[in-house]
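I opened the model today and kept notes as I went. The entries follow in the order of my look-ups.

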Amino acid sequence: MLFKDVISLITITTTENELGDTIEVPTERQVFADKQSIRQSEFYQAAATGLRPELMFVMRTIDYNQETKLRWPAIPEGKVYNIIRTYDKD
C-alpha cells in the first residue's frame, strides 16, 4: 500500500493557565496515510446513528496513538475532522 497523503493527528490535552482557567491545548504530529472512500454500507450504518463519515484513512498501526482528531490536508488551513472509528486490519 502506498502511503502518499500526509495527515496531522491531533491530541487535545487540558491544562490550567495562570488564572486557574481550564484550557485545551492541541498537539499535532504528521504521519503518512492513504486516503480512501467510505464504503456505502459504512456510510448508511453511521447515518442511522446520526454520524456523517466523510473520509477514511489507512495508516500503520504503530503511527496511531489514540488521537481524537485529524487535520487534512496537513496544513494550517486544512479541515479538522473527528475520528469516529478505528480498527486493525488483518
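**Entry 1: aromatic pairs.** I set the rule before searching: rings of Phe, Tyr and Trp (its six-membered ring) pair if their centres lie within 6.5 Å, with planes under 30 degrees apart counted as stacked, over 60 as edge-to-face and the rest as tilted. I searched the whole structure and found two aromatic pairs. One of them joins Phe43 and Tyr44, and the arrangement is edge-to-face, with 5.4 Å centre to centre and 85° between the planes.

I then looked up accessibility, where buried means under 20% relative accessible area, exposed over 50% and partly exposed in between (1.4 Å probe, protein chains only). Phe43 is partly exposed, because its relative accessibility is 34%. Tyr44 is exposed, because its value is 53%.

**Entry 2: ground rules.** I noted that this is a predicted model, in which local features need pLDDT of at least 70, side-chain atom pairs count only at pLDDT 80 or more, and totals for chains, interfaces and linings use all residues. Residues are numbered from 1 along each chain as its sequence is written, and side-chain values use heavy atoms, with hydrogens and water left out.

**Entry 3: the whole chain.** I counted one helix and five strands. Helices (H or I, at least four residues) and strands (E, at least two) are DSSP runs, numbered from the N terminus. Along the sequence I read the order β-β-α-β-β-β. The C-alpha trace spans about 50 × 30 × 30 Å along its principal axes. Of the 90 residues in the chain, 26% are buried.

I checked contacts next, meaning heavy atoms within 4.5 Å. Among contacts in the chain with a separation of 6 or more, 52% come from residues 24 or more positions apart.

I also looked up the surface, by the Shrake-Rupley method with a 1.4 Å probe; for residues, only the protein chains shown count as cover. The chain exposes about 6,900 Å², and carbon and sulfur atoms supply 51% of it.

**Entry 4: Glu67.** Is Glu67 buried or exposed? Glu67 is buried, because its relative accessible area is 4%. I placed Glu67 in the loop between β3 (56-58) and β4 (69-72). What does its side chain make a polar contact with? I found the side chain of Arg29 at 2.8 Å. A polar contact is a pair of N or O atoms within 3.5 Å; within protein, one must be able to donate a hydrogen and the other to accept it, and residues adjacent in sequence count only if both atoms are side-chain atoms. Leaving aside neighbours within four places in sequence, I listed Leu9, Ile10, Thr11, Arg29 and Ile83 in contact with Glu67.

**Entry 5: Gln66.** I found Gln66 in the loop between β3 and β4. Gln66 is not a glycine, yet has a positive phi of about 65°. Gln66 is exposed, because its relative accessibility is 62%.

**Entry 6: Val6.** I located Val6 in strand β1 (residues 5-16). Val6 is partly exposed, because its relative accessibility is 31%. Val6 and Val31 are 25 residues apart along the chain, and I read 5.7 Å between their C-alpha atoms. Not counting residues up to four places away in sequence, Val6 touches Gln30, Val31, Phe32, Trp72 and Ala74.

**Entry 7: a cis bond.** I checked the peptide bond from Trp72 to Pro73 and noted it as cis, with omega near -10°. Pro73 lies in the loop between β4 and β5 (79-82).
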